[in-house]
Amino acid sequence: MNTMKTVDRNSGLPKSGEGSGLWLLKIVSGLLVIIILVVHLTVNHMLGSMGGLLTYEEVVRYYASHPIIPIMEILFVIFVVSHALLGLRSIVLDLKPSRKSLRTINWILLVVGAGFILYGITLVMVIVNRGLNL
Amino acid sequence: MAVDKNKPAPGNLWKWFDPRGRDIGTWAFILNRLTALGLTFYLFLHLLVLGQLAIGPQAYDRFIELLHNPIVIGAELLVVIAGIYHGLNGIRIALTSFGVAVPSQKALFWSVFAITAVCGLFFAVRMFGG
């Protein structure tokens with residue numbers, strides 16, 4: 001039996017492997033996601049003319065309407081991708097991966113997360129530009 | 001390597017699906033995990049398909065037109081319900097993690113459950129009722 005690789009010094013119980021910093025980041029990013037999600041959903045699905053969805057023109061006009069919109073959407077993609085991947089990592093940690101596989105998983109999550117955040121920021125910038133040139 | 005039956009290990013994955021002897025906190029946890037996986041899948045799908053915006057107006061508007069069918073709307077309703085549950089339960093977890101309202105966490109769970117059910121019904125009527 002070598003599933004207990006790291007043991008908490010105070011409780012003697014096996015550690016989950018999720019540090020307190022990442023745990024706090026998961027909670028904080030989660031709460032920020034809730035706040036931005038309310039605005040995001042209200043605008044995108046309550047005000048749209050296409051049966052609750054925005055047309056291309058409505059989307060680009062909305063993104064270019066005020067600088068706070070792209071800023072909010074960029075923060076949103078950062079928080080939500082971080083929260084999703086930290087949550088996925090918690091699930092993986094409950095399966096007690098070996099240190100070696102956890103290292104690999106950490107790298108995969110980092111690369112996927114950074115990739116999606118960069119993709120999201122690029123997409124927001126492209127949309128804002130389309131709106132400004134309309 | 002022998003797998004201890006009561007220790008968390010990849011070989012004990014099936015235990016996640018064993019409903020016997022669970023208390024309400026475990027159900028809250030299971031629902032939190034299932035909605036997490038569903039919402040994560042939706043998030044990445046959502047980000048990828050919105051790439052249609054970069055392609056152009058025709059591509060995006062044609063894509064949006066495709067979404068107006070009962071199967072997609074049903075899937076979207078599941079996303080909405082999962083989102084409401086996961087968000088409210090997340091607030092419950094955040095509160096109890098910091099020592100707030102710990103004795104009433106079961107009552108909080110039932111409130112989360114009830115609000116999710118009521119909102120789910122509201123959105124079902126709104127999304128399917130025309």
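Y85(B), F109(B), W110(B) and F113(B) together form one aromatic cluster. The model is predicted, and nine aromatic pairs are counted in it over all chains. This briefing covers two of these pairs and then the second largest pocket.

**Aromatic pair within chain B**

- The ring centres of W110(B) and F113(B) lie 5.7 Å apart, and because their planes stand at 75°, over the limit of 60 degrees, the pair counts as edge-to-face.
- Both residues belong to helix α5 of chain B, where a spacing of three residues separates W110(B) and F113(B) by about one helical turn.
- W110(B) has a relative accessible area of 47% and is therefore partly exposed.
- F113(B) is likewise partly exposed, at 40% relative accessibility.

**Aromatic pair between chains**

- W23(A) and F98(B) make a tilted pair, with 5.7 Å from centre to centre and 45° between the planes.
- This pair crosses between chains: W23(A) sits in helix α1 (residues 20-46) of chain A, while F98(B) sits in the loop between α4 (70-97) and α5 (105-128) of chain B.
- With a relative accessible area of 28%, W23(A) is partly exposed.

**Second largest pocket**

- The second largest pocket holds about 350 Å³ of space.
- Its lining comprises 14 residues, of which K15(B), W16(B), R22(B), F29(B) and I30(B) are the closest to the centre of the pocket.
- Helix α1 (residues 24-49) of chain B contributes seven residues to this lining, the most of any element.
- By residue type, the lining of the second largest pocket consists of eight nonpolar, one polar and five charged residues.

Notes. Residues are numbered from 1 along each chain as its sequence is written. Chains are lettered from A and ligands numbered from 1 in the order in which they are written. This is a predicted model: local features need pLDDT of at least 70, side-chain atom pairs count only at pLDDT 80 or more; totals for chains, interfaces and linings use all residues. Side-chain values use heavy atoms; hydrogens and water are left out. On a 1 Å grid over the protein atoms alone, a cavity is a set of points where a 1.4 Å probe fits but cannot get out, and a pocket is an open set with protein on both sides within 12 Å along at least five of seven lines; lining residues have an atom within 4 Å of a point. Grid points are joined across faces, edges and corners, and a volume is the space filled by probe spheres set on the points. Helices (H or I, at least four residues) and strands (E, at least two) are DSSP runs, numbered from the N terminus. Ala, Val, Leu, Ile, Met, Phe, Trp, Tyr, Cys and Pro count as nonpolar, Asp, Glu, Lys and Arg as charged, and the others, Gly among them, as polar. Rings of Phe, Tyr and Trp (its six-membered ring) pair if their centres lie within 6.5 Å; planes under 30 degrees apart count as stacked, over 60 as edge-to-face and the rest as tilted. Buried means under 20% relative accessible area, exposed over 50%, partly exposed in between (1.4 Å probe, protein chains only).
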